[in-house]
Amino acid sequence: MGNDLASHEIESVLLKIFGETLTRGDLTWYSLFPEHSIDSFETLADSFIKAHARARKLQARKADIFRIAQGESELLREYVTRFQKERMLLPVVPDEWAAEAFTKGLNPRSSDASQKLKESLLEF
């Protein structure tokens, strides 16, 4: 099935229909845009994805940082580096969470250096 609409008309229809498909929180999000601030459907779609992806990430961030753990044969130096890299990929988390997650992620059978670090972090 085809249509007789020009591309700019399709864009206009997409923008109008998009708002009509929203409910509750999504509709509130949409209504906060200033009038005439969205100039393309692509901009609107990108904004929607960013807003909702961020919301899901914020809900998962604490669980995500506590999933990072030192591997059985992973050296402390390697774990520190990996923990820092993985933490940077997550949304911002409080330092207290990071310290607790790092400490809990240390391998209980790790080296003396790891155990001393764990003890000092627990004091922190």
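Analyst: Helices (H or I, at least four residues) and strands (E, at least two) are DSSP runs, numbered from the N terminus. This is a predicted model, where local features need pLDDT of at least 70 and side-chain atom pairs count only at pLDDT 80 or more, while totals for chains, interfaces and linings use all residues. Residues are numbered from 1 along each chain as its sequence is written, and side-chain values use heavy atoms, with hydrogens and water left out.

User: Is glutamate 74 buried or exposed?
Analyst: Under 20% relative accessible area is buried, over 50% exposed, and in between partly exposed (1.4 Å probe, protein chains only). Glutamate 74 has a relative accessible area of 17%, so this residue is buried.

User: Which side chain does the side chain of glutamate 74 make a polar contact with?
Analyst: Happy to trace that. The side chain of glutamate 74 reaches a backbone atom, the nitrogen of glycine 71, at 2.8 Å. Ala69, Tyr79 and Arg82 are touched by glutamate 74 (heavy atoms within 4.5 Å), leaving aside residues up to four places away in sequence. The side-chain partner in a polar contact (N or O atoms within 3.5 Å, one able to donate a hydrogen and the other to accept it; residues adjacent in sequence count only if both atoms are side-chain atoms), at 2.9 Å, is arginine 82.

User: Which residues form one aromatic cluster?
Analyst: Tyrosine 79 in helix H4 and phenylalanine 102 in helix H5 (residues 95–105) link parts of the chain 23 residues apart. Phenylalanine 83 and phenylalanine 102 also pair, edge-to-face, at 5.2 Å centre to centre and 85° between planes. Relative accessibility is 0% for buried tyrosine 79, 5% for buried phenylalanine 83 and 9% for buried phenylalanine 102. The cluster is formed by Tyr79, Phe83 and Phe102.

Conventions. Rings of Phe, Tyr and Trp (its six-membered ring) pair if their centres lie within 6.5 Å; planes under 30 degrees apart count as stacked, over 60 as edge-to-face and the rest as tilted.
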